[in-house]
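Good morning, and thank you for coming. I would ask you to keep the sequence and the structure in view while I speak.

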Amino acid sequence: MNDAFQMWVSSLRTRLRADLDWLTREDDPAARMRARHLNHVNRLTPLLVGVGLANALLLIYVMRLSSGLLPVVGWSLLCVAWSMLALRGWWERHRHEAQMATPRAVWRLTQGAMAISLLWGVAALMWFPQGNSEQRFLVGMVVLGCLNGGVLALATVPTAAWSYLGILTAFSVTAAVVARLEYLGIAITLLLLYGGAQAWMALVIARVFSARVHSETMARERQADLEVARDQLISSEKMAALGALVAGVAHEVNTPLGISITAASTVREGLVGMRSDYQAQRMTRESFEQALDQAMEGLDMLDTNLLRASRLIKD
């Protein structure tokens, strides 16, 4: 039994390490994965701040008469300060969402989650034990609501969600012990079971989100490969069409050029013969006119076919 439990723990540890290795790896894919997870949390920041301030105002209104002025004012100022810092960070990251993120950015988010969980934990420890039954019910509902909402918002970054959950659960258990609840054992058991379920839910959400980001990345890479292949195919088709066009033009141009070469050769032979007759003093008026006619005919043919070849090349 002990060996089986150790094997289960070892298997769980290995699986967790594989699921969350992107939190600490230094390569570019892990940096892009961290940025997507952090950007998702950042988009929810205004909603979380608004809900948190509404819950804080509700607690302050209900507990204003049951607690001293100083704790209420101090806790309120802390809530406002944290809200302003959170909104400032959201605004800076909202305008230019990061494409890459370091493990240090994950640690900063985890620190912020720990700070807000401490704030709500102090509220539970400060007001739950001294409240009446109705006030305890309200404080418990608000704290559990913040617990659930915070874990859901931070779930894509499990380390932040687990830190938030662990601290707030510990303060809630402490508040229940200090309040000396009648069913203390049952309350603590329910809190721990609820916290365990929330921790597992955060891990599942992180896995699903990571799988979605991975699928989108693979789809973009395949799309890029398809676009490259398409461009290469279009280029090949263009080259094939250009080759066919060049072959057709060459065939069309070869005919008038061939005729032009033949006509030029004929004119040259006629002039050579006329020169020979002249040098041998055999040239007559009739032979001279015949040679001129042949030369003019050849030149006309040469001019016509060269013009035809020129038009084919231009068109």
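This is a predicted model: local features need pLDDT of at least 70, side-chain atom pairs count only at pLDDT 80 or more; totals for chains, interfaces and linings use all residues.

What volume does the largest cavity have? The largest cavity has a volume of about 50 Å³. Residues are numbered from 1 along each chain as its sequence is written, and side-chain values use heavy atoms, with hydrogens and water left out.

Let me stay with the cavity. On a 1 Å grid over the protein atoms alone, a cavity is a set of points where a 1.4 Å probe fits but cannot get out, and lining residues have an atom within 4 Å of a point. A volume is the space filled by probe spheres set on the points, which are joined across faces, edges and corners. The structure holds one cavity of 30 Å³ or more. Its lining consists of Thr266, Val267, Gly270, Leu271, Met274, Ala291, Gln294 and Ala295. Helices here are DSSP runs (H or I, at least four residues), numbered from the N terminus. Both H8 and helix H9 (285-314) supply at least two residues of this lining, and H8 gives the most, with five residues. By class, the cavity lining has five nonpolar residues, three polar and no charged. In this scheme Ala, Val, Leu, Ile, Met, Phe, Trp, Tyr, Cys and Pro count as nonpolar, Asp, Glu, Lys and Arg as charged, and the others, Gly among them, as polar.

I turn next to the largest pocket. A pocket is an open set of points with protein on both sides within 12 Å along at least five of seven lines. The largest pocket holds about 1,100 Å³ of space. Its lining has 47 residues, of which Val41, Thr45, Trp82, Ala86 and Leu109 are the closest to the centre. Which helices each supply at least two residues of this lining? They are helix H2 (28-43), helix H3 (45-63), helix H4 (69-95), helix H5 (103-127) and helix H6 (133-154). The largest share, 10 residues, comes from H4. The pocket lining divides into 29 nonpolar, 13 polar and five charged residues.

Now to the salt bridges. Side chains of opposite charge can pair when their charged atoms come close. The rule applied here asks for a side-chain nitrogen of Lys or Arg within 4 Å of a carboxyl oxygen of Asp or Glu. By this rule the count comes to seven salt bridges. One of them joins the side chains of Arg36 and Glu216, at 2.8 Å from N to O. This pair links distant parts of the chain, with Arg36 in helix H2 and Glu216 in helix H8, 180 residues apart.

For exposure, buried means under 20% relative accessible area, exposed over 50%, and partly exposed in between (1.4 Å probe, protein chains only). Arg36 is partly exposed because its relative accessible area is 22%, and Glu216 is likewise partly exposed, at 25%.

Glu216 also forms a salt bridge with Arg212, the closest N and O atoms being 3.1 Å apart. Arg212 and Glu216 both lie in helix H8, four residues apart, about one turn of the helix. Arg212 has a relative accessible area of 48%, so this residue counts as partly exposed.

A further salt bridge is found between the side chains of Arg88 and Glu92, at 3.4 Å from N to O. Why are these two separated by about one helical turn? The reason is that Arg88 and Glu92 are four residues apart in helix H4. Arg88 is exposed, with a relative accessible area of 56%, whereas Glu92 counts as partly exposed at 41%.

Lastly, I come to the region of helices H7 and H8. Arg180 is placed in the loop between helix H7 (158-179) and H8. Is Arg180 buried or exposed? Arg180 is exposed, because its relative accessible area is 73%. Its phi is near 55 degrees, a positive value in a residue other than glycine. Val177 is found in helix H7 and counts as partly exposed at 42% relative accessibility. Leu190 lies in helix H8 (residues 184-279) and counts as exposed at 52% relative accessibility.
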